[in-house]
Amino acid sequence: MFRFKKSQLAVTDLFIALVVALILIILVVFTWNRYVIILKEENVYKEMQLITFQTVDLLIKSSGEPSNWELNPTNVDVIGLASSDRKISASKVDALINLSYNFTSNSLGISYYDFYFQLKHVNGTQLMGYGIAPNNTVVSVQRLVSYKNEDAIAEFALWK
Amino acid sequence: MKMQLLNLRFGNKANKCLGNKAFVFSLDIIVAVVVVVSILAASTFYVAKAGSESVTNLHTVRVGSDVLALLDHDGILDTLSIENIEINLNRVLPINYQMRTLVNCIGGDQIAVETTDIFPQDRFVGNGKRVFVTNTSKYCIADFSIWLK
């Protein structure tokens with residue numbers, strides 16, 4: 001009788017332990033999956049941020065390669081819009097507008113994403129816009145530049 | 001009687017050595033569960049926290065660099081005037097940022113132009129500098145500190 005009670009208790013203990021262990025395992029698996037999703041999303045977002053920063057830096061600080069590419073835009077190797085550091089050249093902007101979106105996207109090395117580039121006056125008035133307006137997850141960076149001897153904001157949005 | 005025979009009674013005078021078994025089992029489970037849940041909670045917190053701070057900070061520094069570049073291009077830094085620099089800095093600086101600038105010039109008198117904001121202690125402060133030559137041929141270094149409001 002007593003031995004039976006003891007074994008019954010041991011089995012109950014085992015079941016309780018199993019239930020607790022199962023709950024913890026489920027919790028760990030669920031959390032692990034959640035981490036994987038969060039880290040994946042985070043990596044994608046960080047990558048997009050870095051690409052955006054690098055692309056904007058390239059556009060507003062570099063005059064491109066060749067530096068007078070605006071004279072023959074279809075032969076451009078690297079697109080840059082600056083006449084000097086953070087001074088945007090109006091002729092390069094005009095040349096950019098006349099380039100096809102796909103060509104520019106490939107040239108900037110961001111063909112996996114879509115982008116929209118615009119120059120705005122500091123009061124918000126749009127001076128030019130190029131690309132496809134975003135309708136999804138967007139990483140947007142605004143930089144201060146000088147355009148046509150006025151202070152302006154260069155905004156680059158990357159999305160997919 | 002039953003519990004005594006199962007050696008699980010707590011605080012039994014006759015069976016002191018074995019009487020705490022049930023309590024120890026419960027305590028063991030509770031400690032184990034608390035440890036596991038704590039580890040999960042801590043890892044969730046750090047995974048959530050290990051976010052985009054570094055990239056945001058990078059952008060903050062670049063905004064400061066842009067502002068000084070614009071002030072330099074517009075010839076505002078050349079004036080070495082606190083009022084002039086401060087007015088134009090507030091004009092171009094995005095509204096969600098605050099910035100402090102210190103200009104030191106060599107090749108003449110050393111001039112310090114310092115805008116007046118106080119450093120925050122509770123958030124990231126980005127720093128940088130820009131070297132420029134004034135139209136009176138003074139070599140100057142503009143240091144900036146920038147932070148989010």
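Predicted model: local features only at pLDDT ≥ 70, side-chain atom pairs only at ≥ 80, totals over all residues.
## Overall form of chain A

Chain A contains 3 helices and 6 strands, and, read from the N terminus, these elements follow the order α-β-β-α-α-β-β-β-β. The radius of gyration of chain A is 28 Å, whereas a compact globule of 160 residues would have a value near 15 Å. Along the principal axes, the C-alpha trace of chain A extends over about 100 × 35 × 25 Å.

Of the 160 residues in chain A, 24% are buried. When the contacts in chain A between residues at least 6 apart in sequence are considered, 52% of them connect residues at least 24 apart.

## Strand pairing around β5 of chain A

Strand β5 of chain A, residues 138-147, pairs with strand β2 of chain A, residues 87-88, in the parallel sense, and this pairing comprises 2 bridges. Within β5(A), Ser146(A) is the residue that stands opposite Lys87(A).

Strand β5(A) is also joined to strand β6 of chain A, residues 150-159, by 10 bridges, with the two strands running antiparallel. Here Ser146(A) stands opposite Asp151(A) of β6(A), so that Ser146(A) faces Lys87(A) in one pairing and Asp151(A) in the other. The hairpin formed by β5(A) and β6(A) has 2 residues between its strands, and in this hairpin Lys148(A) adopts a positive phi near 50 degrees.

## The side of chain B that touches chain A

Between the two chains, 22 residues of chain B are in contact with 27 residues of chain A. On the chain B side, at least two residues each come from α1 (2-5), α2 (21-49) and α3 (53-73), and the greatest contribution is that of α3(B), which provides 9 residues. Sorted by class, this side of chain B consists of 14 nonpolar, 5 polar and 3 charged residues.

## A loop residue of chain B

Leu80(B) lies in the loop that connects α4 (76-79) with α5 (82-92) of chain B. Leu80(B) is classed as partly exposed because 18 other C-beta atoms lie within 10 Å, a count that falls between the limit of 12 or fewer for an exposed residue and that of 20 or more for a buried one. In sequence, Leu80(B) is 47 residues away from Asn127(B), and in space the C-alpha atoms of these residues are 20 Å apart.

Notes: Residues numbered from 1 in each chain as written. Chains lettered and ligands numbered in written order. Helix = DSSP H or I, 4+ residues; strand = E, 2+ residues; numbered from the N terminus. Contact = placed C-beta atoms within 7 Å. Nonpolar A, V, L, I, M, F, W, Y, C, P; charged D, E, K, R; others polar. Rg over C-alpha atoms; globule rule 2.2 N^0.38 Å.
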